[in-house]
Amino acid sequence: MPRPARNAYVCQNCGVTAARWTGRCTACNEWNSLVEEVGATPPGSGLATASKGRVLQLESLSVADTPAMRRFSSGSSELDRVTGGGIVPGSALLIGGEPGIGKSTLLLEVAARLAAAGRRALYFSGEEAAAQVRLRAERLGVASAPVALACDSNLANILATLNDGPAPDLVIVDSIQTLWVDGLEAAPGTVAQVRAAAHALVRFAKASGSALVLVGHVTKDGQIAGPKLVEHMVDTVLYFEGDRGHPYRILRATKNRFGATDEIGVFEMAGEGLREVANASELFLPDRQASAPGSAVFAGIEGTRPILVEMQALVVPSGLGTPRRAVVGWDSNRLAMLLAVLDARAGVSFAAQDVYLNVAGGLKISEPAADVAAAAALLSSIRNVALAADRVFMGEIALSGAVRAVRHTPLRLKEASKLGFKAAVLPAAAEAGAERDPLQRRGLAHVRDLLDVLPPPPP
Ligand code: TYD
Ligand code: MG
């Protein structure tokens, strides 16, 4: 007699299965995330039905023609840049992001461009009706492109469609959380469904050589399984970031089996779709109030692309016992460290001040090289003097107060000079470029030296 199917409890946050319900997931420590799923395998029961295996064909590492060599352009130069040179046949790509950030818009444009270039692109929408997708296509001006569209969320139907006719070049599934698999009793969007659907689609991609793009919504409340769950199944993971209040969107790779992960793609959401932004600095330095205290321009690098952004600081006397520190676009621990270093090594105390730090435009900076720019903005605000408008700042500050060199200095200087800056405040040990410096250099050895860069206070 077959044993009755046993139920298991699956964490909706990290996907781990447990035999017993607990209030808190033992793997990821999320509270109240375990949900009973019918037929999910409880841990430890996998080997019971193991069969005798077959001998596998062993292969060598030196293959002349790998899929990565046959990559093709997606038709979007920003997407090509993030993926490391285009779409790889047979690969699976996940695009995550909050609802409404522009995932469907980007992918419909990509599908349309590929179709217009004579490739076979299939777009499966489980979220929207055909009329809605058509409306968007019209808005994007791509309605005439020969994209093959189907609006269905049943995985069996999708796989049957995929196996019918020649293998497509690109398959887009929007979104993975709407799919449902026959024979699984769990609701769409649960861990069991998302995992099974992603698995089947990735297997199809590997077998057929079609490139697969999965859309995954990031949700805050954890009601549906997030894209984290399929990250390990796909080759490339891209996240779409951006702020509702700002028009630009950033595509960032967090995993890429076919390229680097430090490149970003920059887009601007306009009335007629996503516009690619090749010159990102112009986007993050609009109408800057250069004469205001507390503003410093950071010459940053994202991947191989220089990006100039304005860092804004506001330092005001605090009425609270514990002064406020608020950061947008930068790491709050990094700010705490910087304030401590300025206090201990440069003798400027912020202990009785509220400190606000903002990266203009809503960009998130993770480079340590932004330390000097942040420190300059903070000092400029607390001293209430504006920094010279034609300067850029870069450099990492150590706990000892020493200013450390940063990579790609010549690239940063070149970009700053292109945008009309005249001088750079940078580590004294910064590497010299091959050509003559485009900017006047002001070297810093210690964070103390930054005080000499500030203009004298107004009388
Ligand atoms: P969408 O691509 O549907 O987001 P997602 O698939 O990530 O959920 O669209 C996101 C938002 O973009 C939507 O609120 C409307 C806006 N939008 C524009 O501003 N311009 C456009 O041309 C389009 C198509 C959408
Ligand atoms: Mg969408």
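Let's begin with helix α8, residues 371-383: its 13 residues reach 18 Å from the first C-alpha to the last, close to the 18 Å expected at 1.5 Å a residue. That expected span is 1.5 Å times one less than the number of residues in the helix. Helices here are DSSP runs of H or I with at least four residues, strands are DSSP runs of E with at least two, and both are numbered from the N terminus.

This is a predicted model, in which local features need pLDDT of at least 70 and side-chain atom pairs count only at pLDDT 80 or more, while totals for chains, interfaces and linings use all residues. Residues are numbered from 1 along each chain as its sequence is written, chains are lettered from A and ligands numbered from 1 in the order in which they are written, and side-chain values use heavy atoms, with hydrogens and water left out.

How much of α8 is covered? Eleven of its 13 residues are buried, so the helix is mostly covered. Buried means under 20% relative accessible area, exposed means over 50%, and partly exposed is in between (1.4 Å probe, protein chains only). Among the buried residues of α8 are D371, V372, L378, L379, S380 and S381. After the helix comes N384, whose phi is positive, near 55°.

A377 sits in α8 and counts as buried because its relative accessibility is 0%. Leaving aside neighbours within four places in sequence, A377 is in contact (heavy atoms within 4.5 Å) with G294, A296, M311 and A313. By contrast, the C-alpha atoms of A377 and V230 are separated by 41 Å, and these two residues are 147 residues apart along the chain.

## The chain as a whole

The chain holds ten helices and 21 strands. Along its principal axes, the C-alpha trace spans about 90 × 55 × 50 Å. Of the 459 residues, 47% count as buried. Among contacts with a separation of 6 or more, 67% are between residues 24 or more positions apart.

## A nine-stranded sheet

Strands of a sheet pair through backbone hydrogen bonds, either parallel or antiparallel. Here, two strands are said to pair if DSSP finds at least two bridges between them. Nine strands form an open sheet with mixed pairing, in the order β6-β5-β7-β8-β4-β9-β10-β11-β12. At the edges stand β6 (148-150) and β12 (273-276); each has a single partner strand, so one side of each is left without a neighbour in the sheet. On average, neighbouring strands of this sheet are turned by 25° against each other, direction ignored. Axes are lines fitted to C-alpha atoms, for helices over the stretch in contact, and angles run from 0 to 180 degrees between N-to-C directions.

Within this sheet, β4 (residues 92-97) and β8 (residues 211-217) run parallel and are joined by six bridges. One residue to look for is G97, whose bridge partner in β8 is H217. Helix α5 (residues 191-208) lies across β4, β7 (170-174) and β8, and runs at about 160° to β8.

## A three-stranded sheet

Three strands form another open sheet, in the order β2-β1-β3, with antiparallel pairing. Its edges are β2 (17-18) and β3 (34-37), each with a single partner strand, so one side of each is left without a neighbour in the sheet. Four bridges join β1 (residues 8-11) to β3, and the bridge partner of C11 in β3 is L34.

E78 belongs to helix α1 (residues 77-83) and is buried, with a relative accessible area of 2%. Not counting residues up to four places away in sequence, E78 touches I264, G265, V266, F267, E276, V277, A278 and R305.

After α2 comes G118, whose phi is positive, near 95°.

## Around ligand 1

Which residues are closest to ligand 1? They are G100, S104, T105, R136 and G273, out of 17 residues that surround the ligand (a heavy atom within 4 Å).

Some polar contacts can be picked out too; a polar contact is a pair of N or O atoms within 3.5 Å, and within protein one must be able to donate a hydrogen and the other to accept it, with residues adjacent in sequence counting only if both atoms are side-chain atoms. A polar side-chain atom of S104 lies 2.6 Å from an oxygen atom of ligand 1. In the side chain of R136, an N or O atom is 2.6 Å from an oxygen atom of the ligand. G271 contributes a backbone N or O atom, which lies 3.0 Å from a ligand oxygen atom.
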